[in-house]
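Biologist: I have the model open and want to go through it with you. Can we start with strand pairing?

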Amino acid sequence: MDPLVAAIDQGTSSTRFLVFNSKTAELMSHHQVEIKQSFPKEGWVEEDPKEIMQSVYECMERTCEKLHQLNIDISNIKAVGVTNQRETTLVWDKETGEPLYNAIVWLDLRTQSTVESLINKAPSQNKNHLKAKTGLPISPYFSAVKLRWLLDNVEEVRLAVRSQRALFGTVDSWIIWCLTGGENGGVHCTDVSNASRTMLFNIHSLDWDPELCRYFDIPMEILPEVRSSSEIYGWMKSSFLAGVPISGCLGDQSAALVGQMCFQEGQAKNTYGTGCFLLRNTGRKPLTSDHGLLTTVAYKLGKNEPACYALEGSVAIAGAVVRWLKDNLGIVQSSEEIEKLAAAAGTSYGCYFVPAFSGLYAPYWEPSARGIICGLTQFTNRNHLAFAALEAVCFQTREILDAMNQDSGTHLSQLQVDGGMTSNRLLMQLQADILCIPVVKPTMPETTALGVAMAAGAAEGVGVWSLSPSDLPHATSEKFQPQINCEESEFRFARWKKAVQRSMNWETTEPCCNANDPQM
């Protein structure tokens with residue numbers, strides 16, 4: 001039996017555990033558990049750190065049971081990698097192992113007033129004041145402002161910091177700490193790709209930056225150790241996999257870049273999950289964007305390997321718009337149904353949907369924007385709305401692809417895609433039509449998990465997965481060609497941009513009224 005490598009894929013809406021053959025990249029088995037999100041107030045998004053860990057254990061256990069039923073010996077699993085929703089912020093007590101507050105999810109907007117005050121104190125009130133070091137604008141999206149909010153507003157966090165019991169981490173750090181022993185010697189670390197999303201990390205020196213920590217007034221002793229994306233961090237302490245090394249760690253979008261084999265400068269991929277994330281490998285040099293994109297550390301595949309960087313276009317709401325139509329409006333009963341409704345309409349009939357539920361991310365970075373649906377008439381029905389929601393995902397991708405083409409000076413001739421939403425064939429065809437270039441979807445959609453499995457299997461001391469180009473498996477794919485003329489595409493895109501302008505400057509500060517969610 002070939003060696004196997006496992007991946008924990010902890011996303012915004014679900015947790016998965018997947019096991020791959022390290023020689024063929026074949027997916028052997030997996031299990032998935034949905035994660036509950038809570039919305040305690042308008043704009044707030046939280047998850048329970050204990051539920052996250054419970055889902056990890058459940059996925060591991062169920063996958064191991066499935067492997068047993070397939071007569072596959074789990075002792076063939078030689079390494080585990082962790083990939084995760086980025087920026088989501090946790091603080092816990094290192095002596096008890098207890099979280100000190102819920103995880104504040106990357107989509108959360110509670111820090112908007114904090115962000116406004118930080119921008120106001122920056123020279124010439126510039127939101128890009130820290131971009132030279134971090135690659136990021138000051139925004140509610142990133143971990144530093146969420147951590148600042150926890151320190152300012154949660155007494156348990158303040159007390160734990162004062163008594164040197166507090167640890168901060170993104171979801172990868174929490175999972176690795178728990179799996180390697182927790183309060184009994186758990187390893188407190190993160191990798192460069194996750195650290196580069198905190199606003200506390202210098203993307204040039206590849207370490208926490210004392211000046212940035214002072215700017216946000218964050219005590220450096222609570223931060224995890226920054227490691228490469230491919231090395232042995234520690235060993236599993238419990239479950240069926242005790243003694244197996246955890247040797248890969250990548251933020252989900254970086255993992256998808258690796259899983260799509262985008263190792264060459266200029267290669268790019270777009271992932272359609274809760275949000276939408278377009279990353280383009282820029283090689284060993286960080287490239288600064290003039291068009292609202294982020295500069296991020298893509299990966300560092302080994303302690304002594306160089307870091308590779310990427311330009312990133314981030315869209316907050318992609319798959320989340322389908323979840324909203326299902327859970328909030330009851331327009332669809334399942335995510336699959338939206339494709340049928342949209343196909344029945346065949347057009348949005350002039351209806352445009354800007355799902356700025358968490359403000360606008362790239363290329364605008366406008367936290368004051370809010371969602372709007374415009375162009376409604378008496379003729380508009382739920383089918384048109386379903387079509388407009390899918391089009392919104394495609395238009396947002398078009399905006400970030402245009403920005404990326406301008407920044408890099410070269411145009412992508414096709415777009416490699418992955419993520420849960422790519423199973424929607426209508427969406428993929430719409431995307432090709434709106435971009436006027438082919439869209440290429442791999443037959444094996446689990447590229448995020450595959451990417452971190454590759455990093456884990458290739459780590460020094462594990463060595464069961466070769467990343468040399470000649471050894472990489474050939475991935476089969478399906479191609480969607482544009483089917484409308486570019487003039488029509490441009491007309492629809494121009495209308496979309498008009499709708500985006502209407503959504504801006506809606507909220508200026510955090511709501512002061514009591515906006516508790518009645519569902520809570």
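Predicted model: local features only at pLDDT ≥ 70, side-chain atom pairs only at ≥ 80, totals over all residues.

Biologist: How many bridges join S1 to S5, and do they run parallel or antiparallel?

Modeller: Seven bridges join them, and the two strands run parallel. S1 covers residues 4-10 and S5 covers residues 77-84.

Biologist: What packs on the sheet there, around S1 and S5?

Modeller: Helix H1, residues 49-69, packs on the sheet and touches S1, S2 (14-21), S3 and S5. The direction of H1 makes about 145° with that of S3. Helix H9, residues 252-259, also packs on the sheet, where H9 touches S5 and strand S14 (245-251). For H9 the angle with the direction of S14 is about 100°.

Biologist: What's the strand order in the sheet?

Modeller: S3-S2-S1-S5-S14-S13. That is an open sheet of six strands with mixed pairing.

Biologist: Which are the edge strands?

Modeller: S3, at 27-34, and S13, at 230-235. Each of these pairs on one side only.

Biologist: And the twist?

Modeller: The twist averages 25° from one strand to the next.

Biologist: Switching to helices. At what angle do H4 and H5 pack?

Modeller: About 95°, with the axes 5 Å apart. H4 is residues 143-153 and H5 is residues 155-162. The range for roughly perpendicular is 65 to 115 degrees, so H4 and H5 are roughly perpendicular to each other.

Biologist: Which residues meet there?

Modeller: From H4, Leu-150, Leu-151, Asp-152 and Asn-153. On the H5 side they meet Glu-155, Val-157, Arg-158 and Val-161.

Biologist: How does that contact split by class?

Modeller: The contact of H4 with H5 has four nonpolar residues, three charged and one polar.

Biologist: Now the whole chain. How many helices and strands?

Modeller: The chain has 15 helices and 23 strands.

Biologist: What share of the residues is buried?

Modeller: Buried residues make up 62% of the 520 in the chain.

Biologist: Last one: what share of contacts joins residues at least 24 apart?

Modeller: 72%, counted among contacts between residues at least 6 apart in sequence.

Conventions: Residues numbered from 1 in each chain as written. Heavy atoms only, no water. Pairing = 2+ DSSP bridges. Helix = DSSP H or I, 4+ residues; strand = E, 2+ residues; numbered from the N terminus. Axes fitted to C-alpha atoms, helices over the stretch in contact; angles between N-to-C directions. Contact = heavy atoms within 4.5 Å. Parallel < 35°, antiparallel > 145°, perpendicular 65-115°, else oblique. Nonpolar A, V, L, I, M, F, W, Y, C, P; charged D, E, K, R; others polar. Buried < 20%, exposed > 50% of the residue type's maximum accessible area, 1.4 Å probe, protein only.
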